[in-house]
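The sequence and structure are shown first, and the description follows.

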Amino acid sequence: MDKLVSLCKRKGFIYQSSGIYGGVNGCWDFGPLGVELKRNIKDDWWYNFVRTREDMVGLDASIIMHPQVWVASGHVEAFHDMLVDCKECKKRFRQDHVEGDRCPECGGELTEPKAFNSMLRTRLGVSDDTAVETYLRPETCQAIFVDFKEVCSSTRVKLPFGIAQVGKSFRNEVNPRNFIFRSREFEQMEIEFFCRQEEEEDWFAQWQEDIWSWFLAIGISESKLRWYEHPKESLAHYSKRTVDVEYEFPFGWGELQGLANRGSYDLTQHSKHSGKDLSYFDQEKNEHIVPTVIEPSAGVDRTALAVLCDAYDEEEVKGETRVVMRFHPRIAPIKAAVLPLVKKDGLAELGEEFERKLRKKFPTYYDHAGAIGRRYRRMDEVGTPFCICLDYETKENGTVTVRERDSMEQSRMHMDEVAAFVQQRTSFERD
Ligand code: GAP
């Protein structure tokens, strides 16, 4: 982890939030490469689960919702962590993160556990007496339930169908830790999939297959993934069944994505609390029903962390250590680097002009500083799948070499062929 955290900072993937002020615990900033990586993850997810499916629509709802939403959803009542304080050093811990009954830091005596609500409070409004207390959403999905009727009446969706949303969520985590794994501000990619109750098991199984395949499609090693089935007694307040996809991080196995059967809990709760009918008119059965919900809920930041951990590799090449981020080309932040062999003899100008053309099609990088071998290594370290080198032959016949990151093999092709070559290997599109 230490090597990865340092690479992320050095190369501009991830910085600590407000670093010059000493940082904010549990908040992180994605730098120039990190933002591209994260965007690719979200775009690929959207492409795979929303754009190319006939049974899905999207939503982008506000982060701040009516405070009653969180009463109805059960979060005010039940979104708690049990905390213990150390009587000696005064540090606070989540009870389920403490082994035994003594303080993990100093061995001191611990207090009895107390419930602590994990939602982040905020006040809406400018004057002290009229401002309303509400929360920053702790999960994106509640807006999907609250807007369910709107989506049904403004589109032609028919059961079974899903509504997807990608966006920020906030949790006042007691112990943010393991880099971006447990943060206080993070992003989720959530789907609420509405179906008839008698189909719930089939859809649950289908979603297990679909979410597993997507992690493989973005390049995560299958050997580092496993399922975890939550025992009945530890299910969240809304869940009838939950399984998690876990990834083997350097610090141990951790949840990447949850898949829950929420039954009709949320729509029923919001109907009760708002007084609005949130049922669906089932034309096949000619009756109003409250659909069952299967919910695949993934963390963007945790997926990014798994991708980073999985991609990191070191190998010996000609007596030197080569650090290479083996990102799947689909989600690599930079798709191709343009590197003239030397700066002189017009090769730099030719390279700059070529890179400007490619930049309009996919993210590129231009570099003419230093020996070509060192420039290749710099691109390996940030996971750029293709390096295009312009040399003296380029001036003669318009051909360049294309070096592939993992094999380091080079092939020659005409400059006119490069864009299509790279695009074909890096685009989201698949059969
Ligand atoms: N709507 C269901 C829900 O929010 P969850 O298991 O609490 O379920 C879903 O969260 C996903 O959100 C997790 O699998 C994880 O990837 C991500 N997530 C949850 N808490 C997080 C945190 N504190 N930091 C980063 N990601 C988090």
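## Thr399 and its surroundings

In this predicted model, the side chain of Thr399 makes a polar contact of 2.9 Å with the side chain of Arg412. A further polar contact, of 2.8 Å, joins the side chain of Thr399 to that of Asn397. Thr399 belongs to strand β22, which covers residues 399–404.

The relative accessible area of Thr399 is 15%. Because the limit for a buried residue is under 20%, Thr399 counts as buried. With residues up to four places away in sequence left out, Thr399 touches Asp391, Glu393, Thr394, Arg412, Met413, His414 and Met415.

## Gln188 in strand β10

Gln188 is located in strand β10, residues 185–195. Its relative accessible area is 6%, and Gln188 is therefore buried. The side chain of Gln188 forms a polar contact of 2.9 Å with the side chain of Ser169.

Apart from neighbours within four places in sequence, the residues in contact with Gln188 include Pro138, Glu139, Thr140, Gln165, Val166 and Gly167. Ser169, Arg171, Ser297, Ala298, Gly299 and Val300 are also in contact with Gln188. Two of these contacts of Gln188, Glu139 and Arg171, are also among the residues that come nearest to the ligand.

## The ligand site

The ligand has 21 residues around it, of which Glu139, Arg171, Ser183, Glu190 and Glu255 come nearest. For Glu190, a ligand nitrogen atom is 2.5 Å from a side-chain N or O atom. The corresponding distance is 2.8 Å for Glu173 and 3.4 Å for Arg302. The ligand taken alone exposes 560 Å², of which the protein buries 92%.

## Domains and the main nonpolar core

The domain assignment divides the chain into domain 1 (2–67 + 137–308) and domain 2 (334–426). The C-alpha centres of the two domains are 37 Å apart. Contact between them involves 7 residues of domain 1 and 5 residues of domain 2.

The largest nonpolar core comprises 61 residues, and Phe13, Trp45, Trp207, Leu308 and Phe327 have the most contacts inside it. Helix α9 (residues 300–311) contributes the most to this core, with 8 residues. Because domain 1 and domain 2 both give residues to this core, the core lies between them. In soluble globular proteins, nonpolar side chains tend to be buried together.

Beyond neighbours within four places in sequence, Phe13 is in contact with Leu7, Cys8, Asp29, Phe30, Gly31, Leu33, Gly34, Leu37, Leu308, Phe327, Pro333 and Val382. Another core, of 25 residues, lies apart from the largest one, and its members include Leu59, Ala143, Ile144 and Phe145.

## Helix α11

Which residues of helix α11 (residues 372–381) are buried? They are Arg375, Tyr376, Met379, Asp380 and Glu381. Just after helix α11, Gly383 adopts a positive phi of about 80°.

Notes. Residues are numbered from 1 along each chain as its sequence is written. This is a predicted model: local features need pLDDT of at least 70, side-chain atom pairs count only at pLDDT 80 or more; totals for chains, interfaces and linings use all residues. Side-chain values use heavy atoms; hydrogens and water are left out. A nonpolar core is a set of buried Ala, Val, Leu, Ile, Met, Phe, Trp, Tyr and Cys residues joined through side-chain atoms within 4.5 Å. Buried means under 20% relative accessible area, exposed over 50%, partly exposed in between (1.4 Å probe, protein chains only). Helices (H or I, at least four residues) and strands (E, at least two) are DSSP runs, numbered from the N terminus. Domain bounds come from an automatic or database domain assignment. Contact means heavy atoms within 4.5 Å. A residue is near a molecule or strand if one of its heavy atoms lies within 4 Å of it. A polar contact is a pair of N or O atoms within 3.5 Å; within protein, one must be able to donate a hydrogen and the other to accept it, and residues adjacent in sequence count only if both atoms are side-chain atoms. Accessible areas come from the Shrake-Rupley method with a 1.4 Å probe; for residues, only the protein chains shown count as cover.
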